[in-house]
Every structure is written in structure tokens, then in C-alpha cells.
Amino acid sequence: FYILYPLFFCLFYKYIKNNIFYLLLIGIFASLIFSQWASLEHPSFNFYVLTSRIWEISVGAIISVYKYKFDINFFKNQKILTFFNFSGIILIFLAILTFNNTTNHPSYLTVAPILGTALIIISGDNKDYITKILSSSIMVKVGLISYSLYLLHFPIFTFARISNNFDSNILKFMFIIISILISIFSFKFIEKPFRNK
């Protein structure tokens, strides 16, 4: 996915740039409809397959195209951006509080955290205290290691479960700390040097 998606845009952008909004919108709705169907019929397959996931990153693509390429007034209105920020936080916390092991994901339910994230990204230039918290040094540092943490926590937790070392909350906390420390190391000595080169 991360290889094909940018390659597709590099190769075809000049042919699709005039209709990119409509193409992304069609892609979002088609992928969302597919993910809703697959969440009921093939839930495990649905979680991993590209066609169920492409709508999520396409939401980010629309924001990128329209926030950074066009001069749209509501991107500058502080009251609207504050409303977007608060709405985004509420949608994300709604998902955190209500999603569980039985939640079909991705599906139409996934719209809540994706839309919430999109609203926060849109309101990133705002001056309210939510933006100040999210742009604080500790949050930025968590953001920097987040991709490494995303990749590395799963094998660490999986091996912990396989070896039956995941029973107590103390052990779970220990594995969270180990995941964070390895992610810091990975960001500093693997991810960052590759990016710089």
C-alpha cells in the first residue's frame, strides 16, 4: 500500500489532477462501502485488505490537496477551527470509549475516529489550547516515535502472549515501556538515518 499509493499519484497525477477531488471522493465511498460489507462477511480479511483501508488515507489526501493547495476561508477562521478541534477530540474519544473486540473495524463505525482525526488535522493552525497540547514537546516526541511504536509493539505483545507473560497488569505495563524504549532506539538509529539519507 505505502509503495503503490504514492507511485500511482506520481505516474498519473498530471492526468487526474483536474478531477482529483471527485476521484478521491468516489474512492472513499467505494472503499467504505466495501469495508462495511467485508466487516460483516469476512471480518479478518477486511482488517488487512487494501480495498477496505484506502478510504482512510484518501481522507488525508483530500485534506492535503485542499488545505495546502487552495485558499479556502474556513481554514483561517479561528472559531470554526476551534469547533473542528473540539469535535475531532470528541469523535476520537467516542471511538475509544465505545469500540471493543466485537466492533466491526474498518466499517461505517470507523468514520468517527477518521473524521475526528481529519478535523484535528484541518484545525492544526489554530491557536486554541487543544492545538497547544497536541503541539507540546512531549506530544511531538510521541508523534515522532509513533510509526516505530506502531510497527514494533505488535510482535512484542504477541511474543509476550505466546510465552504466557501477559497475565498481570504489571507485565503489560512493562511490555508497554519496552515497546516505547525500542521504538525510541528504532527512530533514532534506523528511521531517522534512512530519512536523512
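Helices (H or I, at least four residues) and strands (E, at least two) are DSSP runs, numbered from the N terminus. On that basis, Ser 183 is placed in helix H9, which covers residues 169-196. The model is a predicted one, in which local features need pLDDT of at least 70, side-chain atom pairs count only at pLDDT 80 or more, and totals for chains, interfaces and linings use all residues. Residues are numbered from 1 along each chain as its sequence is written, and side-chain values use heavy atoms, with hydrogens and water left out.

**Overall architecture**

- The chain contains nine helices and zero strands, and its pattern along the sequence reads α-α-α-α-α-α-α-α-α.
- The C-alpha trace of the chain spans about 55 × 45 × 40 Å along its principal axes.
- Of the 197 residues in the chain, 30% are buried, where buried means under 20% relative accessible area, exposed over 50%, and partly exposed in between (1.4 Å probe, protein chains only).
- Contact means heavy atoms within 4.5 Å; among contacts in the chain between residues at least 6 apart in sequence, 65% join residues at least 24 apart.

- Tyr 5, Phe 9 and Ile 16 are buried in H1.
- Two packed helices are described by the angle between their axes and the distance between the axes.
- For H1 and helix H2 (residues 20-41), the axes come within 11 Å and cross at roughly 135 degrees; that makes H1 oblique to H2.
- Such axes are lines fitted to C-alpha atoms, for helices over the stretch in contact, with angles running from 0 to 180 degrees between N-to-C directions.
- Angles under 35 degrees count as roughly parallel, over 145 as roughly antiparallel, 65 to 115 as roughly perpendicular and the rest as oblique.
- On the H1 side the contact is made by Tyr 5, Phe 9, Tyr 13 and Ile 16, and on the H2 side by Ile 20, Leu 23 and Leu 24.
- By class, the contact of H1 with H2 comprises seven nonpolar, no polar and no charged residues (Ala, Val, Leu, Ile, Met, Phe, Trp, Tyr, Cys and Pro count as nonpolar, Asp, Glu, Lys and Arg as charged, and the others, Gly among them, as polar).
- Asn 19 is found in the loop between H1 and H2 and counts as partly exposed, at 42% relative accessibility.

**Nonpolar cores**

- A nonpolar core is a set of buried Ala, Val, Leu, Ile, Met, Phe, Trp, Tyr and Cys residues joined through side-chain atoms within 4.5 Å.
- The largest such core has 18 residues, and Phe 9, Leu 24 and Val 59 have the most contacts inside it.
- At least two residues of this core come from each of H1, H2, helix H4 (50-69), helix H5 (78-98) and helix H6 (111-122).
- H4 gives the most to this core, with six residues.
- Phe 9 touches Ile 16, Ile 20 and Leu 24, not counting residues up to four places away in sequence.
- A second, separate core of five residues includes Phe 157, Ala 160, Phe 166 and Phe 175.

**The loop between H5 and H6**

- Phe 99 is located in the loop between H5 and H6 and counts as partly exposed, at 26% relative accessibility.
- Leaving aside residues up to four places away in sequence, Phe 99 touches Leu 109, Thr 110 and Pro 113.
- Phe 99 and Leu 109 are ten residues apart in sequence, and their C-alpha atoms are 8.8 Å apart in space.
- Pro 106 also lies in the loop between H5 and H6, and a cis peptide bond with omega of about -5 degrees joins His 105 and Pro 106.

- Ser 183 is buried, with a relative accessible area of 0%.
- Ser 183 touches Ile 145, Ser 148, Leu 149 and Leu 152, not counting residues up to four places away in sequence.
- Val 140 is placed in helix H8, residues 137-162, and counts as partly exposed, at 40% relative accessibility.
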